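Have a look at it first, and then we'll walk through it piece by piece.

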Amino acid sequence: MPEGASQAVRTIESLVLVAIGGFAGANLRFAAGNVVAGPAGTLLVNVVGSFALGFLLYEARYSAVVSQRTHVVVATGFLSSFTTYSTFALEAIELGVTGGAYVGASYALGFAAVLVGRRLALLVDRGWSR
């Protein structure tokens, strides 16, 4: 296959992988919103998404066992649709006076979740290297 054609196939493959992950993430986000509605649901999906992204990014750095294609599906597709910044911003404004606390809690818990994901990736790497 000529180089230009193989590059085009890889690009289309990446687009399909992102679309599949995005479809799954958006549907899971919708389902989560039906179980835990409002700001609590948004906080939950954003913290879980931060943890998962932290794990994936640090797993790639420490051990790179997860394939690049899985990273495209999960990190770019799934987690981008699962988490929601726009809803978070809208809810923060709608909460009025308590919106500041919501923003602070969301950022603090999101950063903490990334650190927990990083720690888990490091523990997994140490377990796999033995």
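## The annotated stretches

Residues 70-88 are 89% helix and 0% strand, with end C-alpha atoms 27 Å apart. Helices (H or I, at least four residues) and strands (E, at least two) are DSSP runs here, numbered from the N terminus.

## What you're looking at

This is a predicted model, where local features need pLDDT of at least 70, side-chain atom pairs count only at pLDDT 80 or more, and totals for chains, interfaces and linings use all residues. Residues are numbered from 1 along each chain as its sequence is written, and side-chain values use heavy atoms, leaving out hydrogens and water.

Along its principal axes, the C-alpha trace spans about 60 × 40 × 25 Å.

## Where H2 meets H4

The axes of H2 and H4 (lines fitted to C-alpha atoms over the stretch in contact, with angles from 0 to 180 degrees between N-to-C directions) come within 10 Å and cross at roughly 145°. On the H2 side, Gly-38, Pro-39, Thr-42 and Asn-46 meet Thr-87, Phe-88 and Glu-91 of H4, with contact meaning heavy atoms within 4.5 Å.

By class, that contact has two nonpolar, four polar and one charged residues. Ala, Val, Leu, Ile, Met, Phe, Trp, Tyr, Cys and Pro count as nonpolar, Asp, Glu, Lys and Arg as charged, and the others, Gly among them, as polar.

## The largest pocket

How much space lies in the largest pocket? About 400 Å³. A pocket is an open set of points on a 1 Å grid over the protein atoms alone, where a 1.4 Å probe fits and protein lies on both sides within 12 Å along at least five of seven lines; lining residues have an atom within 4 Å of a point. Grid points are joined across faces, edges and corners, and the volume is the space filled by probe spheres set on the points.

The lining has 19 residues, with Asn-46, Ser-50, Thr-83, Ser-106 and Gly-110 nearest the pocket's centre. H2 (38-62), H3 (68-82), H4 (85-94) and H5 (99-128) each supply at least two of the lining residues, and H2 gives the largest share, seven residues. By class, the lining has ten nonpolar, nine polar and no charged residues.
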